[in-house]
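Dear colleague,

I am handing over the structure that we spoke about, and I would be glad if you could look through it before reading my notes. The notes are meant for someone who has not seen it before.

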Amino acid sequence: NLHLRKQPVTKPKATATIKPMSKEKDHPPPPPQAVLEPASSDRIDGAIYRTGKLLGRGGFAICYEARLAGTKQLYALKIVKSQMPQKKMEQKFQTELQIHSKMNHPNVVRFHRAFSYNQCTFLVLELCPNGSLMDMVKKRKFITEPEVRFWTVQMTGAIKYMHDKGIIHRDLKMGNIFLDKDMNVKIGDFGLAALLMSGKDWTNVRRTTLCGTPNYIAPEILSKDKQGHDHAVDIWSLGIIIFAMLTGKPPFQSTTADEIYRRAREREYDWPELDKTENFISAETKDLVSLMLQPAEDRPDPDTIVQHPFFTCGYMPLSEEILPEFREATPT
Ligand code: ADP
């Protein structure tokens, strides 16, 4: 049990076996066999999506595999109730729609369309059939350094793209980073992302939107001091993700959120001793992570990150060498 995610990972099930989710008032009802996208300016006749297996449930959404009728094209269909019980959820979803729909990068989950049907909003997203980095770490216990190298290049490229567009993701964590059919990483879930606007005071935004997973939150988000390095929160989270992939748990893991925050503020973390883990972790990796976990103003930007010796000190795998079952963890 890695304590990395509040919600258990839902194993895909056949549509026929999905039980009605009567207790989960925030989730939409079970999906119809087919979803009809109403006609629009570019689709005169509308489109039909045939829903398939359950991919997973999030805080307020449920996600199914779906096939566009008449084609072989598979998508992830993310469904949320159009009327959400909490204003905060509705805001999160609006942000997600606005920001995600403008993203176009090979390592960001592709946003195809959004439409309303049966009092639900449907997002048609690129399908990531290999789960998230969180699922991967749970399955394998840890990820090898060459794989981490491969994915870190991709994540850094996606972060650079977002930051260049003035977007801070603010909720980067292993559970929000998905794997496509070729095992490339795809950043998803833009629910907490923010559009950086010059001159805007983000101090309140920081405080009022504080949610998500304590383990990945940069210390400056919790402090009252105003700082001009908002985008650096994503670099902090990337440092946490690298550490967690290699060791199986985030560096500041504790029983209470307050203790996690204290340890993060004091940068109190230890790499496991070599004899306590089967995973080799190089001095270069440790150096890169320590740079990412510095105070905001000292953290490297994406261009500086990819110049780091971590990327050249060891093997860089080809994409076909990254397989879900590359190295199964020994059962504990
Ligand atoms: P929420 O915004 O409510 O947290 P998520 O975006 O995390 O919802 O989606 C819920 C779950 O659906 C995820 O944990 C994952 O299992 C699955 N999922 C989301 N997007 C995709 C995708 N593009 N491809 C495959 N599965 C996905």
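Predicted model: local features only at pLDDT ≥ 70, side-chain atom pairs only at ≥ 80, totals over all residues.

The chain is built from nine helices and 10 strands, and of its 332 residues 36% count as buried. When contacts between residues at least 6 apart in sequence are considered, 66% of them join residues at least 24 apart.

Turning to the ligand, there are 19 residues around it, and those that come nearest are Gly56, Gly58, Cys63, Ala76 and Cys128. Three strands, β2 (47–57), β4 (74–81) and β6 (120–126), each supply at least two residues of this shell, and β2 gives the most, with three residues. By residue type, the shell around the ligand divides into 10 nonpolar, five polar and four charged residues.

Strand β4 also holds Lys78, a position at which UniProt, in an unreviewed entry, places the feature "binding site". Is Lys78 buried or exposed? Lys78 counts as buried, because it has 26 C-beta neighbours inside 10 Å, where 20 or more are required. Leaving aside residues up to four places away in sequence, Lys78 touches Ala61, Cys63, Leu123 and Leu125; Cys63 is also one of the residues that come nearest to the ligand.

The largest nonpolar core has 74 residues, of which Leu77, Val137 and Met245 touch the most other members. The largest share of this core, 12 residues, comes from α6. As for Leu77, and again not counting residues up to four places away in sequence, its contacts are Val35, Tyr49, Thr51, Cys63, Tyr64, Ala66, Phe122 and Val124, so that Cys63 is touched by Leu77 as well as by Lys78.

Helix α8, which spans residues 283–292, has Thr285, Leu288, Val289 and Met292 as its buried residues. Seen down the axis of α8, these buried residues fall within an arc of 95°, and they therefore line one face of the helix. Among the elements that cover the buried residues of α8 are α3 (145–164) and α6 (232–247).

Two residues deserve a look for their backbone angles. Most residues other than glycine have a negative phi. Lys141, however, has a positive phi of about 80° although it is not a glycine, and this residue is found in the loop between α2 (133–140) and α3. Lys141 is partly exposed, since 18 other C-beta atoms lie within 10 Å. Arg267, likewise not a glycine, has a positive phi of about 50° and is found in the loop between α7 and α8. With 13 other C-beta atoms within 10 Å, Arg267 is partly exposed.

Finally, Arg265 lies in helix α7, residues 257–265, and is partly exposed, because 14 other C-beta atoms lie within 10 Å. Arg265 and Phe252 are 13 residues apart along the chain, and their C-alpha atoms are separated by 9.7 Å.

With best regards

Technical notes:
Residues numbered from 1 in each chain as written. Near = placed C-beta within 6 Å. Helix = DSSP H or I, 4+ residues; strand = E, 2+ residues; numbered from the N terminus. Nonpolar A, V, L, I, M, F, W, Y, C, P; charged D, E, K, R; others polar. Buried ≥ 20, exposed ≤ 12 C-beta atoms within 10 Å, placed from the backbone. Arc of directions from axis to C-beta. Contact = placed C-beta atoms within 7 Å. Core = buried A, V, L, I, M, F, W, Y, C linked by C-beta atoms within 7 Å. UniProt positions renumbered as here; feature names shortened; annotations may be inferred.
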